[in-house]
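I would ask you to look first at the sequence and the structure, and then to follow me through some selected places.

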2 protein chains.
Amino acid sequence: MSEGFDSLDPDPEEFRELGYRAVDMMAEHFANIRAVDTFPETTPPEVAEEFDDPLPRDGEDPEAVLAEWNERVYPNATHQGSPRWYGYVMGSGTPIGALADALAASVNMNAGAWMGGPSATEIERQCLQWLAEMIGYPADCGGVLTSGGTMANHAALYTALQSATEFETRESGLRSIDRPGRFTLYESAHEGHSSAERVAEMIGVGSDAIRSVPCDEDLRMDPAALDDMLTADVENGRIPFCVIAYVGSINVSTVDPLAEIADVCADHGVWMHADGACGAVGAILPEKEHLYEGIERADSVTLDPHKWLSVPYSCGCVLFRDPDAQTQAFSMHAEYLDFTEEEAYHGTNLGFLGPEMSRPFRALKLWMSLKHRGVEGYRQLLRQNCRCAEHLHDRVVAADDFEVLQEPNLFIYSFRYLPTDLRDAVADADQREAINDYVDWLNQRITDELRLTGEAFVTTTEIRDDTAIRLSICSHRTTPADIDTTFEALREHGEHIDAEGRKRVDSEFADN
Amino acid sequence: MSEGFDSLDPDPEEFRELGYRAVDMMAEHFANIRAVDTFPETTPPEVAEEFDDPLPRDGEDPEAVLAEWNERVYPNATHQGSPRWYGYVMGSGTPIGALADALAASVNMNAGAWMGGPSATEIERQCLQWLAEMIGYPADCGGVLTSGGTMANHAALYTALQSATEFETRESGLRSIDRPGRFTLYESAHEGHSSAERVAEMIGVGSDAIRSVPCDEDLRMDPAALDDMLTADVENGRIPFCVIAYVGSINVSTVDPLAEIADVCADHGVWMHADGACGAVGAILPEKEHLYEGIERADSVTLDPHKWLSVPYSCGCVLFRDPDAQTQAFSMHAEYLDFTEEEAYHGTNLGFLGPEMSRPFRALKLWMSLKHRGVEGYRQLLRQNCRCAEHLHDRVVAADDFEVLQEPNLFIYSFRYLPTDLRDAVADADQREAINDYVDWLNQRITDELRLTGEAFVTTTEIRDDTAIRLSICSHRTTPADIDTTFEALREHGEHIDAEGRKRVDSEFADN
């Protein structure tokens, strides 16, 4: 190295020691993962105070920087990797995926252009084909990995909208279309996901463009209602451009009737998008295969490997049945990719197939995770999650202090704590309304208190306007024993909060 | 663990061994980084064939999976980390950042909501403040880390557009605005970046909305020309909504005149976006500070830590002078974030401040890298890059077989190989055109051939319609000795390709 020149590199031996120490920290974390609290004891202001240092002027030893992990970062972490993390839809992370992320970062290839990442590009291409094959999607599809489900949906809906305008708006803009009427898109009234709203806003059609299609009693989109709505909307001058079918919905992990929706979309000439961010990979389970019939007819499919495939954050994915539509939406010329070799040297430029241009080597963690366990291994893991959801349902059915709100679908299951003496009152439609505010409050309070104890991370949702306890069971580590522990904890918190709550309610009644 | 239940976890001791092996691979890579070829010897079809395995049915031992790194992935990698990687604007990666990525992936926090990532959220917030302070941006700004520069620009331009429509289009869509005219945005005619085009398309204004503002002879935007253009455009019924000023441009790393552009934007009431993805962090250099005056007046700034701060892919960033504008553009309600605790428990939800919702813990690698070297350390590193660019310029000035095309700015420098006997001909405007095709071809061919040898990764660009050799010197490892080696290699390839090329040209002449 030239005189007086410096770099960010530690000495090679120092790096090795640093790296071993990081691995030790990770090994310790994985070894304790069943024991660790899912949520820290600290509040937002306390965590903010912990990270209130002035801008570092002079550097610190890398050992000291790494030691901060155990001193400050880890104690204020949540633990999605825990078998008792049931919040949102969080993949629990694969240990080999964490090593893959480090390897990828060490070589630091940019997967935006083939020239920047030859093996990164080809591994991503291979992963896309594998994912397509896993869910029964055509092998000659297009696709790209994204930073997550929202950006995967963005790529799909943006392409759908461009397709509806015959790609004329890429240059001229959305306002150039002089067809009167509003571009509209469609999703289940009950199970819509907020990413659809975010994307509708970002692509310029606005969130009011989303039309809510009625559901059946299992909270699945009603295809006949969709059919009617599309007909009526066109008559009323709207321009339907996309129907979103959920493949593993956010509240109850139901799968919309894909084949019937595909028929309706075909009849009306509307793009069908299957949002399988949460549940598309469930198609590898033979016993669930019937739910996925028709997914191969969707124009686009999203599926997030960082969700049910447990690949570490972040790794989303979108597939396109017609690769040309994807290319027409995202292709670009870049003068920095001009060169004199013949075509055979050019390769695929993934930065011209999705929203991002420069891109990380996301595919490595997915590739290594898929190779580690194979489809058979994942089949076993996904099946475990489904069995846990069924086990939880069995517990709820058998309990006289919980209420069933749904039949189990895949891995997300929602239900309600309902004190035994209120059961009859709730069964009566007139009385239900009167006590519902209290039961809503009770269920919210139970999950909040459980979360703060760190025993399990559980959230609520709304099922038919009632506040429900929701468990998203997608950790590869969760067993029925974890479900039992969590169920008992919910009951314990329920009894104690209900006892406190009745006093409050009684005193409120006494006040009136 | 329950009977018969499985997971993706290796045994803890097995994980430790796997991890040590991965660290050894990384340590070896870093130790050899000055010697390794920048580009693999393989072609796209060969790499594609290397990754043509059938979908893995049964799993493999994790040791075998990890071994693939050395067998297949690494031999087909490019090496952005090399001191002689001068392509695009690629950060070279910090070793501590690679370990940070592994630690982040092992705990796998989702930084989309505070509830999912308490320390991830607060560390990101701290990093945003540090970055703002580093470039002299207001400390009370908003901001968010993104997956890269395109998405950072997306967040900025999308917010600018919403702001121009008074945020009325979030729900109602862009077509609901009945103001006639075209929304337009502005960038330098010479130094525009393709991400602006991509974003203009994605937010629905279309790429033709981009107006090219004339430049001065140093390829900086001409503020007077901008002023005139804005006036004329409004008179012609256009609706200017954003001016993009480049802070470290893509071809020559120039900085547009920020203070003067800010004045023009203020006069016309147009959002000013400073695209500093490549060069904003250069503001930490006192000797360059004058270039950055006015950046604090930009409504938004992008700066990519994965570029000149060498943080591993991917880590982009956008800052907003008015945090409310950011919030108004991206805020959402999510029922899964309802709970009963008081406000103080809620924290910041970063997923409601940018395009993504679920998000990885990108900030850790940035935080650790900044702490490792501090501002003083980075000052030294950035200065090295600028010194290398100046050194290269000196070599070009002193050479009689190279042509100067620009004065050096920050770290990107473009110039031309020009055989000695063609110098006089090219100096003559009439003759220049006649031989330019040949010189263009020659320069393209030189960089292509050099790239394929793996000695250095160099690209071309166009400077005033001439094909130029472009070196982006942003590796923290590059020294003047690397520049000398590369310069000599370019000359050597130049001489040999020119000799071959003349024969071809002569025979073409002979044929005519």
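**A walk through the model**

Let me begin with Thr447(A), which, apart from neighbours within four places in sequence, is in contact with Val458(A), Thr459(A), Thr460(A) and Ile469(A); contact here means heavy atoms within 4.5 Å. Thr447(A) belongs to helix 14 of chain A, residues 429-453. Helices are DSSP runs of H or I with at least four residues, strands are runs of E with at least two, and both are numbered from the N terminus. Thr447(A) is buried, its relative accessible area being 0%. Buried means under 20% relative accessible area, exposed means over 50%, and partly exposed lies in between, with a 1.4 Å probe and protein chains only.

A word on conventions. This is a predicted model, in which local features need pLDDT of at least 70 and side-chain atom pairs count only at pLDDT 80 or more, while totals for chains, interfaces and linings use all residues. Residues are numbered from 1 along each chain as its sequence is written, chains are lettered from A and ligands numbered from 1 in the order in which they are written, and side-chain values use heavy atoms, with hydrogens and water left out.

I turn to chain A as a whole. It has 15 helices and eleven strands. Its C-alpha atoms fill a box of roughly 85 × 65 × 45 Å along the principal axes.

Of the 512 residues of chain A, 66% count as buried. Among contacts in chain A with a separation of 6 or more, 74% are between residues 24 or more positions apart. The accessible surface comes to about 16,700 Å², and carbon and sulfur atoms hold 45% of that surface; these areas come from the Shrake-Rupley method with a 1.4 Å probe, and for residues only the protein chains shown count as cover.

Chain A is divided into domain 1 (12-37 + 40-77), domain 2 (110-170 + 178-360) and domain 3 (375-511), with bounds from an automatic or database domain assignment. The centres of domain 1 and domain 2 of chain A, taken over C-alpha atoms, are separated by 37 Å.

Let us return to single residues. Phe487(A) is located in helix 15 of chain A, residues 480-511. Is Phe487(A) buried or exposed? With a relative accessible area of 1%, Phe487(A) is buried. Setting aside neighbours within four places in sequence, Phe487(A) is in contact with Leu392(A), Arg395(A), Val396(A), Ala399(A), Phe402(A) and Phe415(A).

Phe415(A) and Val396(A) are also among the residues touched by Glu403(A), again not counting residues up to four places away in sequence; the others are Arg416(A), Leu418(A), Val426(A) and Arg432(A). Glu403(A) is in strand 8 of chain A, residues 402-404. At a relative accessible area of 15%, Glu403(A) is buried. The C-alpha atoms of Glu403(A) and Phe415(A) are separated by 6.0 Å, and the two residues are twelve residues apart along the chain.

In chain B, Ile412(B) is in strand 9, residues 412-417, and is buried with a relative accessible area of 0%. Ile412(B) and Gly87(B) are 325 residues apart in sequence, and their C-alpha atoms are 9.9 Å apart in space. Beyond its neighbours within four places in sequence, Ile412(B) has contacts including Val89(B), Ser249(B), Gln406(B) and Arg470(B).

Finally, the backbone. Most residues other than glycine have a negative phi, and most peptide bonds are trans. Tyr88(A), although not a glycine, has a positive phi of about 50°. Tyr88(A) is found in the loop between helix 3 (62-73) and helix 4 (95-107) of chain A, and at 10% relative accessibility Tyr88(A) counts as buried. Phe167(B) likewise has a positive phi, near 60°, and is buried at 15% relative accessible area.

Which residues of chain A does a cis peptide bond join? They are Tyr313(A) and Ser314(A), with omega about -10°. Ser314(A) lies in the loop between strand 6 (300-302) and strand 7 (316-320) of chain A. In chain B, a cis peptide bond joins Tyr313(B) and Ser314(B), with omega about -10°.
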